[in-house]
Amino acid sequence: SLATCTHANRNAALHPLWQSELSIPGGTRQSPINIQWRDSVYDPHLKPLKIHYDPATCLYIWNNGYSFQVEFDDSTDKSVIMGGPMENHYRLKQFHFHWGAINEWGSEHTVDSKVYPGELHLVHWNPVNSTSFEEAIMENNGLVVIGVFLKLGAHHAGLQKLVDALPAVRHKDTIVEFDVFDPSCLLPSCPDYWTYDGSLTTPPLTESVTWIIKKAPIEVDETQLEEFRMLLFTSDGEEEKRMVDNFRPLQPLMNRTVRSSFQ
Ligand SMILES: COc1ccc(C)cc1NC(=O)Nc1ccc2c(c1)[B-](O)(O)OC2
Ligand SMILES: [Zn+2]
């Protein structure tokens, strides 16, 4: 997958849309990273995160060949986040997950080199500086992504509604309607988070993301993770490849500081 990544970089570098410096992912602020807890710096100016999701803005689930993704109606400010490190509100666009073939690994970010079996990404874009998500991924501070670690443990009742829909999106480019879902049920109750400036972890790898990584994981059970692992990277009719290990390798921290909202 490194080859495809490099391939994508070459495309990104060549494609006129991605000519701007933000798009050359040989850059200085790539994601994911290992968060060294003792090196993170408490920032008392960081505000609590404010999250207002309208469950009616949920549209559908689809398999995009990287993960399964739940898309939201982002034509209004009905589902937004604000506060935290943000200077204005950001609109919810989609959420998706990353996971491993086995419970020993799967997350993109790590904490003191601890790997979790999975990681949820809630993706939001800046409607003040951009007119669409597609534009925002090219902008500095274009996106805010909330990362939540998945830990093996109790059954997650809120997640189960998602899991029950997965057989319908087993193959790449399949889609199923998903009308009412409130993703705030996937957030831990603990308000603590880290935040740092980074990038998308799949093509086009643009350096447009303010990451907010929740300190506390959510618990999911083995059967729920096993359902994720039943998905396929491949389209119907192709030789089946199980959708597992869909995480990017750790990237160098370079000249960045991770801030914490807690002491
Ligand atoms: C082929 O990929 C695309 C094609 C067309 C467009 C407009 C965007 C993309 N890519 C994209 O959104 N990636 C992407 C977006 C957001 C996040 C991540 C990846 B992540 O790092 O996993 O978590 C947050
Ligand atoms: Zn992601």
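The shell around ligand 1 divides into nine nonpolar residues, five polar ones and one charged residue. In that count Ala, Val, Leu, Ile, Met, Phe, Trp, Tyr, Cys and Pro are nonpolar, Asp, Glu, Lys and Arg are charged, and the others, Gly among them, are polar. This is a predicted model, in which local features need pLDDT of at least 70 and side-chain atom pairs count only at pLDDT 80 or more, while totals for chains, interfaces and linings use all residues. Residues are numbered from 1 along each chain as its sequence is written, chains are lettered from A and ligands numbered from 1 in the order in which they are written, and side-chain values use heavy atoms, with hydrogens and water left out.

Let me stay with ligand 1. Of the 15 residues around ligand 1, His 96, His 121, Thr 201, Thr 202 and Pro 203 come nearest; a residue is near a molecule or strand if one of its heavy atoms lies within 4 Å of it. E7, E9 and helix H2 (133-136) each supply at least two residues of this shell. Helices here are DSSP runs of H or I with at least four residues, and strands are runs of E with at least two, numbered from the N terminus.

Which polar atoms approach the ligand? An oxygen atom of ligand 1 is 2.7 Å from a polar backbone atom of Thr 201, and an oxygen atom of ligand 1 is 3.2 Å from an N or O atom in the side chain of His 96. A nitrogen atom of ligand 1 is 3.1 Å from a polar backbone atom of Pro 203. The protein covers 76% of the 530 Å² of accessible area that ligand 1 has on its own. Such areas come from the Shrake-Rupley method with a 1.4 Å probe, and for residues only the protein chains shown count as cover.

I turn now to the metal. Which residues coordinate the zinc ion (ligand 2)? The donors are His 96 (NE2), His 98 (NE2) and His 121 (ND1), at 2.0 Å, and along the chain they follow the spacing H-x1-H-x22-H. His 96 lies in strand E7 (residues 90-99) and His 121 in strand E9 (residues 118-125), so this pair ties together parts that are 25 residues apart in sequence. Donors are N, O and S atoms within 2.8 Å of the metal (3.2 Å for Na, K and Ca), and water is not among the atoms, so sites may look incomplete.

Are these histidines buried or exposed? His 96 counts as buried at 11% relative accessibility, and His 121 counts as buried at 2%. Buried means under 20% relative accessible area, exposed over 50%, and partly exposed in between (1.4 Å probe, protein chains only).

The next topic is salt bridges. The count comes to eight, a salt bridge being a side-chain nitrogen of Lys or Arg within 4 Å of a carboxyl oxygen of Asp or Glu. Asp 43 forms one with Arg 259, the closest N and O atoms being 2.7 Å apart. That pair links distant parts of the chain, 216 residues apart: Asp 43 is in the loop between strand E2 (41-42) and strand E3 (49-52), and Arg 259 is in strand E15 (residues 259-260). Asp 43 is buried, with a relative accessible area of 14%, whereas Arg 259 is partly exposed, with 30%.

Glu 219 and Lys 151 also meet in a salt bridge through their side chains (3.7 Å, N to O). Glu 219 is in strand E14 (residues 218-220) and Lys 151 in strand E10 (residues 143-152), 68 residues apart.

I close with the backbone. Most residues other than glycine have a negative phi, and most peptide bonds are trans. The peptide bond from Pro 203 to Pro 204 is cis, with omega near 5 degrees, and Pro 204 has its place in the loop between strand E12 (193-198) and strand E13 (209-214). Leu 205 is found in the loop between E12 and E13 as well. Phi of Leu 205 is near 60 degrees, a positive value in a residue other than glycine, and Leu 205 is buried, with a relative accessible area of 0%. A cis bond also runs from Ser 31 to Pro 32, with omega near 0 degrees.

Notes:
Polar contact = N/O pair within 3.5 Å; in protein donor to acceptor, adjacent residues only side chain to side chain.
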